[in-house]
Amino acid sequence: MTDLSALFDPFPVLTTERLILRQMTMADVPAIQVLISDPRVMRYMGKDPTDDIQASVEKVERNQRNFKALTEIRWALTLKADSDSLFLGDVSLHHINTYDSHAELGYALGHDHWGKGLMNEAIQAVLGFGFGPLGMHRIEANIDIENARSKAVLERNGFQYDGSLRERFRVVNGYADEHYFSILQREWQARQSASG
Ligand SMILES: CC(C)(COP(=O)(O)OP(=O)(O)OC[C@H]1O[C@@H](n2cnc3c(N)ncnc32)[C@H](O)[C@@H]1OP(=O)(O)O)[C@@H](O)C(=O)NCCC(=O)NCCS
């Protein structure tokens with residue numbers, strides 16, 4: 001099993017062509033508040049939009065707790081070109097299970113930044129970390145199937161549909177089926193080899 005404590009300290013900053021994926025901090029709270037108060041972003045996230053600043057503070061605190069417990073890494077997406085390193089959104093590997101070697105992928109991006117391929121770029125880096133140093137066998141994501149953008153980003157990254165669990169996910173007006181997608185380490189490796 002992978003020794004996570006060495007991988008988590010220092011925080012594993014990732015870089016891509018356009019992005020730096022860094023640790024989330026309390027300085028990100030105002031930008032997180034913009035993200036989680038936007039109904040377009042929160043529509044399929046299972047939480048109502050809120051502009052209560054405490055919810056953003058708790059998001060950072062929860063992440064810090066889970067990071068310390070070695071069960072979650074949540075990266076803030078920032079543009080390399082932005083010297084202020086402003087938080088645009090986040091991507092996570094959470095519910096990290098080193099016995100069965102699987103983790104769950106989560107992500108959300110500010111609406112102004114949709115349609116530029118930024119989350120796609122971030123997810124490629126996170127999969128590289130998850131299947132590389134973190135040694136995961138399987139990375140999964142579960143979505144509301146109506147969330148077409150989320151489904152598209154998963155499929156672009158080679159995730160396959162596993163199946164669904166009925167009404168497991170709270171949405172604004174009730175419950176929705178949770179649809180599971182996953183990619184296995186060997187599938188990710190094959191895609192890496194194919195892309196040269
Ligand atoms: C899910 C979410 C992150 C997807 O964002 P996105 O910007 O659509 O995703 P990508 O980064 O893959 O970008 C793909 C888009 O960028 C375009 N694009 C532009 N330049 C690109 C590039 N260099 N590379 C790839 N795509 C590029 C693609 O054509 C595509 O646009 P289209 O869908 O309009 O055709 C975003 O919709 C979101 O944050 N939603 C709210 C939170 C949420 O639902 N999270 C998931 C919960 S399970």
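## Elements lining the ligand

In this predicted model, four elements each contribute at least two residues to the shell around the ligand, namely the strands β5 (102-109) and β6 (138-143) and the helices α5 (118-131) and α6 (148-156). Helix α6 provides the largest share of that shell, with 4 residues.

The ligand is surrounded by 20 residues, and the closest are L109, G115, N147, R149 and R156. Sorted by class, the shell comprises 10 nonpolar residues, together with 6 polar and 4 charged ones.

## Polar contacts and burial of the ligand

Taken alone, the ligand would expose 950 Å², of which the protein buries 72%.

## Helix α4

Helix α4 spans residues 53-68, and its 16 residues extend 23 Å from the first C-alpha to the last, which is close to the 22 Å expected at 1.5 Å a residue. Within α4, the buried residues are S56, V57, K59, V60, N63 and F67. These residues lie on the same side of α4 because they cover an arc of only 155° around the axis.

An α-helix has 3.6 residues a turn, so residues three or four places apart point the same way. On the other side of α4, R65 and K68 are exposed.

Terms used: Residues numbered from 1 in each chain as written. Predicted model: local features only at pLDDT ≥ 70, side-chain atom pairs only at ≥ 80, totals over all residues. Heavy atoms only, no water. Near = heavy atom within 4 Å. Areas by Shrake-Rupley, 256 points an atom, 1.4 Å probe, with all protein chains shown as cover. Nonpolar A, V, L, I, M, F, W, Y, C, P; charged D, E, K, R; others polar. Expected span 1.5 Å × (residues − 1). Buried < 20%, exposed > 50% of the residue type's maximum accessible area, 1.4 Å probe, protein only. Arc of directions from axis to C-beta.
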